[in-house]
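Morning, everyone. I have one structure to show you today, and I will keep it short. Have a look at it first.

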Amino acid sequence: MTPNSDPTVQPVPASVVHQVDAADVTLHNPKRAVVALGSNLGNRMETLQGAIDALEETPGVRVKAVSPVYETEPWGVEPGSQPSYLNAVVLLRTTLPPGSLLERAHAIEEAYARVRDEHWGPRTIDVDIVAYQDVVSDDPELTLPHPRCHERAFVLAPWHDVDPGAEVPGHGPVADLLGAVGREGVVRRGDLELSLPE
Ligand SMILES: Nc1ncnc2c1ncn2[C@@H]1O[C@H](COP(=O)(O)OP(=O)(O)OP(=O)(O)O)[C@@H](O)[C@H]1O
Ligand SMILES: Nc1nc2c(c(=O)[nH]1)N=C(CO)CN2
């Protein structure tokens, strides 16, 4: 039987071919994303590492780099009102669209029983999408780049360590932004290290 003579083989509609091709392009064309992690409650290192491992275990996500760890003064709140944070940044390659990556970030926060009861309140884990490719969006559900990342040394310092040439879309080079903001209250913890999942 020739391939075309089988009466049970139906022609594939053009729309389906198009959708499959589009999905295929996405799968072969992972996007760059930058995720910031912060913790100021409980076992902060264990929580940060757990979040990194959970990102890596997510289908369609690969953790490509993990920054050094910084001990940072709580930003945006009364000095002395909260424990200090440990902050880090991870670089991802992902086939997930931005909204799905945010859903995963929220699921990881929930897994660590983060309670959203106070604006900028203490938290076991905060997982923010800092940037996704060069996407710029003012959607309040997912603003890209993160609307406050360019003024936060606790994001810029670790990001600069893992990607010195990085730029914040619409704001300029991370190196320049970090220079402008300064490193006050942001101290590298050389004695602590997060690992890149195998
Ligand atoms: N780039 C982004 N990354 C993560 N969440 C975002 C982003 N843009 C908008 N959001 C929205 O912000 C909401 C509040 O997030 P969250 O509770 O983590 O804020 P926060 O950590 O207290 O403060 P901040 O956003 O200043 O870090 C989330 O429900 C989410 O939909
Ligand atoms: N140092 C520091 N301060 C913060 C942090 C954080 O991760 N580190 N996160 C906040 C809300 O996301 C508010 N303030």
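Start with two helices: α4 crosses α5 in a left-handed sense. Keep in mind that this is a predicted model. Which residues make the contact? From α4 we have Ala153, Leu156, Ala157, Trp159 and His160. From α5 we have Val174, Ala175, Leu177, Leu178 and Val181. Sort that contact by class, and you get 9 nonpolar residues, 1 polar residue and no charged ones.

Now the geometry. Two packed helices are described by an angle between their axes and a distance between those axes. For α4 and α5 the angle is about 140°, and the axes lie 9 Å apart. Is that parallel, antiparallel, perpendicular or oblique? Roughly antiparallel needs an angle over 145 degrees. The angle here is about 140°, so α4 counts as oblique to α5.

Stay with α4. Which ones? They are Ala153, Phe154, Val155, Leu156, Ala157, Pro158, Trp159 and His160. And what covers them? Helix α5, residues 174-181, is one of the covering elements. Strands are there too, including β1 (31-39), β3 (70-72), β4 (85-94), β5 and β8 (186-188).

Step back to the whole chain. How many helices and strands does the protein chain have? There are 5 helices and 8 strands. From the N terminus, the order is α-β-α-β-β-β-α-β-α-β-β-α-β. The chain has 198 residues, and 33% of them count as buried. Take the contacts with a separation of 6 or more: 70% of them join residues 24 or more positions apart.

Next, the ligand. Ligand 1 is surrounded by 12 residues. The closest are Asp128, Ile129, Glu141, Thr143 and His146. Which element gives the largest share of this shell? Strand β5, residues 126-132, gives 3 residues. By class, the shell holds 5 nonpolar, 2 polar and 5 charged residues.

Find it in the loop between β5 and α4. Is arginine 148 buried, exposed or partly exposed? Count the other C-beta atoms within 10 Å: there are 13. Buried needs 20 or more, and exposed means 12 or fewer. So arginine 148 is partly exposed. For a distance to check on screen, take arginine 148 and glycine 185. They sit 37 residues apart along the chain, and their C-alpha atoms are separated by 17 Å.

Technical notes:
Residues numbered from 1 in each chain as written. Chains lettered and ligands numbered in written order. Predicted model: local features only at pLDDT ≥ 70, side-chain atom pairs only at ≥ 80, totals over all residues. Helix = DSSP H or I, 4+ residues; strand = E, 2+ residues; numbered from the N terminus. Contact = placed C-beta atoms within 7 Å. Near = placed C-beta within 6 Å. Nonpolar A, V, L, I, M, F, W, Y, C, P; charged D, E, K, R; others polar. Axes fitted to C-alpha atoms, helices over the stretch in contact; angles between N-to-C directions. Parallel < 35°, antiparallel > 145°, perpendicular 65-115°, else oblique. Left-handed = near helix turned anticlockwise from the far one by under 90°.
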